[in-house]
Amino acid sequence: MLAELGLSSLLLALAASVIAVGAAVYAARTDNQRWLVSARNAAVITFPLLTVSTFALLAALMTEQYQMAYVWSVTDLDTPTLYRFTALWGSQAGSLLFWTWLMSLFVFGAILINWGRYPRLMPGVIAYTMATVAFFIGLSVFLENPFERWWLDPITGAITAAALVPAGMVVPPPQILAEQSQGLNPLLRHFGMIIHPPMLYLGFVGFVIPFAFAMAAMTSRDLSTGWIIATRRWSLVAWLFLSLGLILGGRWAYDVLGWGGYWGWDPVENAAFLPWLLGTAFIHSVMIQEKRGMLKVWNLVLIIGTFSMVLFATFATRSGLIESVHSFARSEIGLPMFLFWAAITGVSAYMILVRRREGLLKDDHPFTNILSRETLFVLNNVVFVALTLVIFWGSFGAPIISEMTTGTEVTIGVEYYNIVTPPLFILMYFLMGVAPLSAYGVTSLRRLGLNILYPAVITAFTLALLAVTGTTDPAALVGYGVTFLAGYVALWEVWRAAQARQRSKGESLPVAVLALFSRNRRRYGGYVVHLGVTVIGIGVIGSTLFQAQTERQLRVGESLVLQDYTLRYDGITLATAEDNREMTIADVTVLRGGQEIARLRPRIDDFNGMAMSIAGQHSTIENDVYVLLNDFREDTQAVRLWLYINPLVNLIWWGGLILIVGTLLGSWTADTTPQRQPAKPVKSARVGEGVAS
Amino acid sequence: MLRRFIPLLLALLFAALPAAAQDAPRPITYDDVNEVAARMYCPECENVPLDKCFTPVCIQWKQDIADQLAAGATEETVIAGFVARFGDQVVGVPQDPLLRNLALVVPVVLLLACAVFGVYVVYQKRRPAVVADIDIPVTDERADRRYLARLEKDMDEG
């Protein structure tokens, strides 16, 4: 029943999305308002239909409908309720449906909110968003159907999966299906997996809205700042979710993958990082277009690039192009996804070229000064694009070209990224510090120098303090220098403005700060985000350059020493968890200066032969004492323990929290809705007929 | 008779001095192996560093590394040996000169292209403007007023 319900609503959603595209295109070509209303209605109904489909699958997971092949493949009789829920995105077919459902949610919201405000853009917005939604529903219907069921041929005994019952086949015995069900991938049985994928997916799909508005602006030739104002919050929300997804992904890797780190420059991690880089460039760059009417082509390139990278990341993860702990198995959706990505990117690029040739993308102002804020923003954008290109090259370009041209498989690993990315990150942090101090239009070197003087002096003091207390590594000092500078500039800008208000208006400091944040949440929210990125940067530098590690075999009562920490192995505990995994738990005591500071229980979880090493962690703001159990010998009761000291690693998570707060502040801006955009003259319908305002 | 052998014995003892100065062979530790393995990659799990991988083949490879280090091989010769046997896939940046250049020169070209592009965008659309040096330290009352006025304007613009 659930399979039939899910499949039928999925088919209806496909029909509705196709109708929406067709009607929107026809409405755009004929300026027919009735068709536009039909397009809107078809687009809006897609979300409830996909909701029915998604919840049907969820209900099947919860109620153990093992005849459904997807439920059978991602759950078993021992799966706890929580992981039955996360199993919705635990494999290809379910996660694809979930991805599409989230995208339809964004489209639903964007259409309803902007319908009355941007009538000229609406045909394009509906056409581009729904074409994307239709494509992904099509993948679910034809290639990765989560509602396929197992069928038994009573004559031959063969079992096959199909969405509709094949001739002559019957339902297999439920008990046998239940007993043979596969269960969820052990790597996904972690609390972080409840949040990480949905956040990442929301970040990915959210960028469809600014992309569609940009394309709609080009299609309608309405290339004013309307599309940018309409998508400001959508872009920030998508960027926030993508940031959250990346940070939570790092935390999940740190806790579950058992290698002492949070970022391995894995191609799939990189694939998710690429749209974040271009998206970050975009949310900075649009400010220049809003305020100065500049960078029109550049902003279109950035948002199209961001969405193109979203599609590429989805293709790379789901097609089997690259293998990693994240990627789903090689599947049939690779070629259609590649073609869709290429088509979207190609058409978008062509549109930009055409509109540029028509002279519709001319900037309102020229660059007037090399040190102006807009110039520095452009330079920072160039750094983001450069990072995108070199990471794309390392993750996909070099391995694919090597294999295609020489037949040699190569791995582009951490060494590559350690060579090419640090100079760019240093430049990024430096410009992040300098650009906010510069003014729009004209800034002199002297003025910029005066503005940066105080933050630079405080940075110099901080570096001197670090050097005196033992941080003498030049790379670390350079890294810390630019990172602290960016953070101090953010704080200085708030302080300076509050001081000026205090003196001019007689306000107290808290009132002045509050007034600043309430007057321009975007600007000061942005400074909070910069502060968060600074804290993350300090955490990354500390944990990367000063990580210490050692691996030793210990018998009961023996210890190992690393820096000023001593790790004593006290014994082993063997246990079976509720979900039947066998746990081998080492009891260890951590001592510092002879004083016990923590008791940790690193363990190996065995899921029917698939083992995972779960770290024991003692976390402080100073560092993490991170212990992995690598091996246990029953005969001698000896264990092999791997001890890591990860300095400042927790700043990464705290910085992430600050970044979230800042982004929420920045996106919670006062209403900036422009005057209602006049609709085009209508040929064959009364203006406004059926239009919601 | 014995006296005649004393110089010879002394000479032998003297010759043995350097040998006595040498340390006994240091046992190879897990950390020694991990240092080499951290620069290599699992042959089965794409993009997983060898030191962090515990598949049977990786355990075997780490044992091989330990054996080679114990036999006196250096880190570089161990890695070169693995590359010769299993190809460039086992290291983070290819050792083959052509592939190494492909991996490392292209990013430099990309970076240069980005830099040229950035300069081009700014200079192509540049119009010289008169720069007014009006800022004085923020403690000055006039500067405060001027700064605040600019800030207010900025904020009004959103």
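**Salt bridges and nonpolar cores**

A:Asp570 counts as partly exposed, with a relative accessibility of 34% (buried: under 20% relative accessible area; exposed: over 50%; partly exposed: in between; 1.4 Å probe, protein chains only). The model is predicted, with local features needing pLDDT of at least 70 and side-chain atom pairs pLDDT 80 or more, while totals for chains, interfaces and linings use all residues. Residues are numbered from 1 along each chain as its sequence is written, chains are lettered from A and ligands numbered from 1 in the order in which they are written, and side-chain values use heavy atoms, without hydrogens and water.

The salt-bridge partner of A:Asp570 is A:Arg568, with 2.8 Å between the closest N and O atoms (criterion: a side-chain nitrogen of Lys or Arg within 4 Å of a carboxyl oxygen of Asp or Glu). A:Arg568 is also partly exposed, at a relative accessible area of 26%. Over all chains, the count comes to 25 salt bridges.

A second pair consists of A:Arg640 and A:Glu551, whose closest N and O atoms are 2.9 Å apart.

A:Arg592 is partly exposed, with a relative accessible area of 29%, as is A:Glu622, with 40%. Elsewhere, A:Arg221, A:Arg355 and A:Glu358 form one network through salt bridges that share partners.

The largest nonpolar core contains 205 residues (buried Ala, Val, Leu, Ile, Met, Phe, Trp, Tyr and Cys joined through side-chain atoms within 4.5 Å). Helix H10 (residues 226-257) of chain A supplies the largest share of this core, 16 residues. The residues with the most contacts inside this core are A:Ile126, A:Phe136, A:Phe213, A:Trp227, A:Ile391 and A:Tyr416. Beyond its neighbours within four places in sequence, A:Tyr416 is in contact (heavy atoms within 4.5 Å) with A:Val390, A:Trp393, A:Gly394, B:Val93, B:Ala103, B:Leu104 and B:Pro107. Another core, of 22 residues, lies apart from the largest one and includes A:Ala598, A:Leu629, A:Phe632 and A:Leu641.

Notes
Helix = DSSP H or I, 4+ residues; strand = E, 2+ residues; numbered from the N terminus.
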